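Subject: Structure for your files, with notes

Hello,

Here is the structure I said I would pass on. My notes on it follow below.

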Amino acid sequence: MGLPRSTLYYRPTPVRESTLQIMARIDCLYLEDPCSGSRRMVEYLAREGIPISRDRVRNLMRRMGLRAIYQKPRTTVSRVNQVDGRFASINCYRL
């Protein structure tokens, strides 16, 4: 058959109700402020009286597919675009 016996008999454990409630609250907070990452999410949850570690919040956010929105560094911007394209509208009027 080519299938390990452990794979055949494996039964995934169901997610606890308390974890589902925390995930639902994280989702609501993320919809209000999508720029918040795991650190800020821990602060929001602590204000509401939910003690939870940052690692657990990070894992739950990763499981739900949530990522903080932030400006990423633009390290590969070419120098030509910076010099020529910086004041392109001004250069048009210097004819």
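Along the sequence the pattern reads α-α-α-α-α-α, that is, six helices and zero strands. Please keep in mind that this is a predicted model. The protein has 95 residues, and 19% of them are buried. Its accessible surface is about 8400 Å², with 53% of that belonging to carbon and sulfur atoms. Among the contacts with a separation of 6 or more, 52% are between residues 24 or more positions apart.

Helix α4

Arg 63 has a relative accessibility of 58%, and because exposed means over 50%, it is counted as exposed. Met 23 is 40 residues from Arg 63 in sequence, while their C-alpha atoms are 9.5 Å apart in space. Just after α4 comes Gly 65, which takes a positive phi of about 80°.

Salt bridges

How many salt bridges does a search of the whole structure find? It finds three.

- Arg 25 and Glu 48: their side chains meet at 2.7 Å, N to O. Arg 25 belongs to helix α2 and Glu 48 to the loop between α3 and α4, so this pair ties together parts that are 23 residues apart in sequence. Arg 25 is partly exposed at 26% relative accessibility, and Glu 48 is partly exposed at 39%.
- Asp 33 and Arg 40: here the side chains meet at 3.4 Å, N to O. Arg 40 counts as partly exposed, with a relative accessibility of 39%.
- Asp 55 and Arg 58: the closest N and O atoms are 3.4 Å apart. Both residues are in helix α4 and three residues apart, so about one helical turn separates them. Arg 58 is partly exposed at 33% relative accessibility, as is Asp 55 with a relative accessible area of 42%.

Cysteines

A disulfide is a covalent bond between the sulfur atoms of two cysteines. A search of the whole structure finds zero of them. Cys 28 is partly exposed, with 38% relative accessible area. Cys 35 is also partly exposed, at 43% relative accessibility.

Nonpolar residues on the surface

Which residues form a nonpolar patch on the surface? Leu 3, Leu 8 and Tyr 9 do, and together they have about 350 Å² of accessible area. Tyr 9 lies in helix α1, which runs over residues 5–9. Is Tyr 9 buried or exposed? Its relative accessibility is 61%, so Tyr 9 counts as exposed.

Leu 31, in helix α2, has a relative accessible area of 65% and is therefore exposed. Between the C-alpha atoms of Leu 31 and Leu 66 the separation is 10.0 Å. Along the chain, these two leucines are 35 residues apart.

If you look at one part of the model, I would start with α4.

Regards

Key: Residues numbered from 1 in each chain as written. Predicted model: local features only at pLDDT ≥ 70, side-chain atom pairs only at ≥ 80, totals over all residues. Heavy atoms only, no water. Patch = residues over 30% accessible without salt bridge, like charges linked within 9 Å, V, L, I, M, F, W, Y side chains within 5 Å. Areas by Shrake-Rupley, 256 points an atom, 1.4 Å probe, with all protein chains shown as cover. Salt bridge = Lys/Arg side-chain N within 4 Å of Asp/Glu carboxyl O. Helix = DSSP H or I, 4+ residues; strand = E, 2+ residues; numbered from the N terminus. Buried < 20%, exposed > 50% of the residue type's maximum accessible area, 1.4 Å probe, protein only. Disulfide = S-S within 2.5 Å. Contact = heavy atoms within 4.5 Å.
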